[in-house]
Amino acid sequence: MKNYKYKIVFILLFCAFLNLNGAVQAQTAKPAAEVSKTAFETYKLDSKLMAREMPYRVILPINYNSEKDKKFTVLYLLHGLTGHYDNWANNTKLTDYAKNYNYIIVMPEGDNGWYTDSASVPNDKYESYIVQELIPKIDKDYRTISDRGHRAIAGLSMGGYGSIKFGLKHPEMFVLVGSFSGALQAASLNEKMLGNNWKALTDSIMGVYGADDSQTRKENDVFKLVREMPADNIKELPFIYSDCGTEDGLITTNHEFAALLLEKKIPHEFRELPGVHDWKFWNAEIKEFLEVSEKIIK
């Protein structure tokens with residue numbers, strides 16, 4: 001039975017890896033012709049926690065400069081494994097969709113760090129960097145409504161995992177989180193499951209989470225966080241939006257997480273839609289998420 005379980009895990013991860021390869025190609029490709037050229041700005045934050053400069057991209061609402069007294073909601077968008085901070089603006093029509101919303105949209109750099117403070121690299125503190133440095137920097141530099149009710153976070157694949165983790169661990173900071181094709185099982189994967197064929201994935205998982213019984217794994221396993229959450233804390237959680245393509249190798253994990261949210265009576269919406277692990281799917285889903293966000297963010 002144990003060997004059978006590992007075979008099932010292997011098949012699911014293999015499917016996810018095939019889809020991931022397609023996503024990697026899209027992430028490193030030049031921007032498609034149909035992607036809007038609407039202006040955005042790229043900046044660097046001199047991070048003390050990371051001991052290096054961390055780039056991030058910002059899209060401002062079209063009325064930001066014309067309405068000097070107005071303050072705005074902030075949406076943080078996280079990229080996936082092997083991706084970078086520029087992916088969302090380069091590979092989707094996000095800049096076009098953003099014109100319809102009074103949101104400041106911030107896209108941080110997460111490298112292959114799973115938006116987690118690494119168990120093995122002292123200055124890879126991706127969670128602490130975003131929570132303790134980047135968000136305060138954005139609230140300082142821009143006219144944000146800097147309360148929980150006007151801050152959201154979402155992401156794709158690795159970033160989907162990251163956004164849900166931020167919502168579970170820092171519910172006081174976000175009113176809404178979104179996961180598109182989330183790699184939600186990240187903290188439970190190990191070298192035996194992954195093998196030696198998927199170097200980028202294996203290296204990142206083992207480097208970030210460490211040994212099977214590490215404290216880093218325990219503190220960043222979204223399934224464990226939900227299962228062990230006290231009932232009194234559930235009412236403080238942000239609304240969780242998640243989706244996954246029916247042909248995506250990660251669909252089973254996303255089903256399981258949605259079922260757990262239902263069991264724990266955590267407010268959420270899960271959408272299962274035709275699609276795979278690629279930018280065509282994520283382009284459609286960021287548009288959907290923005291529409292949903294208006295119902296949650298008042």
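User: What share of the 298 residues of the protein counts as buried, and what makes a residue buried?

Analyst: Happy to start there: 54% of the 298 residues count as buried. Buried means under 20% relative accessible area, exposed means over 50%, and partly exposed lies in between, using a 1.4 Å probe and protein chains only. This is a predicted model, in which local features need pLDDT of at least 70 and side-chain atom pairs count only at pLDDT 80 or more, while totals for chains, interfaces and linings use all residues. Residues are numbered from 1 along each chain as its sequence is written, and side-chain values use heavy atoms, with hydrogens and water left out.

User: Why is T216 called buried?

Analyst: T216 has a relative accessible area of 14%; the limit for buried is under 20%, so T216 is buried. T216 sits in helix α8, residues 215–220 (a helix is a DSSP run of H or I, at least four residues; a strand is a run of E, at least two; both are numbered from the N terminus). Not counting residues up to four places away in sequence, T216 touches T116, D117, A119, V208 and Y209 (a contact means heavy atoms within 4.5 Å).

User: And why is N123 called partly exposed?

Analyst: The relative accessibility of N123 is 33%, which lies between the 20% and 50% limits, so N123 counts as partly exposed. N123 is in the loop between β4 (103–108) and α4 (126–141). Leaving aside neighbours within four places in sequence, N123 is in contact with L49, M50, A51 and R52. N123 and K48 are 75 residues apart in sequence, yet 8.8 Å apart in space, C-alpha to C-alpha.

User: What makes the residues of the second largest pocket's lining nonpolar, polar or charged, and how many are there of each?

Analyst: Ala, Val, Leu, Ile, Met, Phe, Trp, Tyr, Cys and Pro count as nonpolar, Asp, Glu, Lys and Arg as charged, and the others, Gly among them, as polar. The lining is K70, K71, F72, T73, Y101, N102, Y103, I145, H150, E294, I297 and K298, so it divides into five nonpolar, three polar and four charged residues. On a 1 Å grid over the protein atoms alone, a pocket is an open set of points where a 1.4 Å probe fits, with protein on both sides within 12 Å along at least five of seven lines; lining residues have an atom within 4 Å of a point.

User: How confident is the predictor on average, and which stretch has a pLDDT below 50?

Analyst: The pLDDT (the predictor's confidence in each residue, from 0 to 100) averages 89, and 87% of the residues score at least 70. Over residues 1–38 the pLDDT is below 50, and this stretch has 54 contacts in the model beyond near neighbours in sequence.
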